[in-house]
Amino acid sequence: MRRSRIAGVGHYVPENVYTNNDLAKFMDTSDEWIQERTGIKERRFATKHEETTTTLGAKASKIAIERAGITAEDIDFIIFATLSPDYYFPGCGVLLQRELGITKSEIGALDVRTQCTGFVYALTVADQFIKSGMYKNILVVGAEMHSSGLEFNTRGRGVSVIFGDGAGAVVVQPTEDESKGILNSELHSDGTNAEVLSLLCPGSHGGHHHQDKDQFGFPEKNKLGEIFITEKMLDDGFLYPYMDGKVVFKKAVVKFPEVIASTLAGVGKQPSDIDLLIPHQANLRISQFVQKILRLNDDQVFNNIHKYGNTTAASIPIALSEAWEQGKIKDNDLVCLAAFGSGFTWGSIVMNW
Ligand code: UT7
């Protein structure tokens, strides 16, 4: 039976380090508050005008491609997960193809927009394409340049202290080795609370999902004029991410353990069988909750949020790459990836390394 295996993994984080105290110069916050509530000590921010989400993704991709022992020209499909793309359209997939110098057109490029679960969704899609035999070398990337659109003042402090920039990538290939590769994955969604963690504008919604349409400053219904972006959206901060952190937190600590246990059970495994769990790095407190509920010891859970903050679609591949570099993932280890976030969406992947 053909399975998908990760043949190479890499990550890249920008050089600029911003500590919690650095952020406190721009807003009413403190190192103590941020560390206590999130576990974050510092994060990386890309260099504006020089780096973009795509260039971060390209740097991570080059490492993953080299470690897989192939060249960029061997890639036959790209899946790029991000919520902070270079352009509204086209997506980062084609920009990455260009950045990597892949000039052939016998390749597809797909963008995935499921935010924190972007990498889990993207890798699951890659797994299906590999299993079906359609592609042989799929590049799966999670990258974010959050710093390009965060509100660095006291109004935005509930969101801006959490997020950081970075990228991770893997090359996925087929294997006939029964003992290796992705064993199972689960993807879930529930749109009931779609706006609880969101960036609403610019967009085409025209207030459709909202009782108070006036809050966006739209022109009158039958008059020509923009609804995509208005002065009021700019003034009132609708172009920045919004999060009701408590609602997300409460849901996350339930869904993470649920989906991990269920994905493992699908292949006759249980949490105690995990060699390494790599949870989406949303908040150290969430990871600690999950660890406790699943009764895992410290060696079974990988965390690096203290160094990079929450890098959304990039957090799992960055953590996977670091764990691999640190020798924390060895041949035949049972590795579990899991994520929960905006949408809400959540999911998990179980693999034999
Ligand atoms: O990856 C995507 C998925 N996202 C998540 O999983 C995030 C889940 N949620 C969380 O991680 C937490 O809810 C947060 C870290 C975002 C917030 O922690 P919290 O313990 O839920 O705090 P809170 O939002 O309830 O705010 C508590 C207080 C408030 O003040 P009052 O109303 O009690 O006076 C906030 O105004 O802390 C205040 N506050 C801050 N104070 C200092 C909010 N942000 C900050 C800040 N610095 N940066």
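**A predicted fold, question by question**

Residues 24 or more positions apart account for 78% of the contacts in the protein with a separation of 6 or more; two residues are in contact if their C-beta atoms, placed from the backbone, lie within 7 Å. This is a predicted model: local features need pLDDT of at least 70, side-chain atom pairs count only at pLDDT 80 or more, and totals for chains, interfaces and linings use all residues. Residues are numbered from 1 along each chain as its sequence is written.

Trainee: Which domains does the domain assignment give?

Mentor: The bounds come from an automatic or database domain assignment. Domain 2 and domain 3 have C-alpha centres 36 Å apart. The assignment lists domain 1 (3-175), domain 2 (181-194 + 243-352) and domain 3 (200-239).

Trainee: How many helices and strands does the protein have?

Mentor: Both are DSSP runs, numbered from the N terminus: helices are H or I, at least four residues, and strands are E, at least two. The count for the protein is 11 helices and 13 strands.

Trainee: Why is strand β1 described as largely enclosed?

Mentor: A residue is buried if 20 or more other C-beta atoms lie within 10 Å of its own, exposed if 12 or fewer, and partly exposed in between. Strand β1 covers residues 3-12. The rest of the structure largely encloses β1 because its buried residues number 8 of the 10.

Trainee: Which strand do 9 bridges join to β1?

Mentor: Strands pair if DSSP finds at least two bridges between them. In this pairing, I6 stands opposite V172, and R5 faces Q173. The two strands run antiparallel, and the partner is β7 (residues 166-175).

Trainee: How many bridges pair β6 with β7?

Mentor: β6 spans residues 138-144. One of its residues, E144, has G166 in β7 as bridge partner. The pairing is antiparallel, over 7 bridges.
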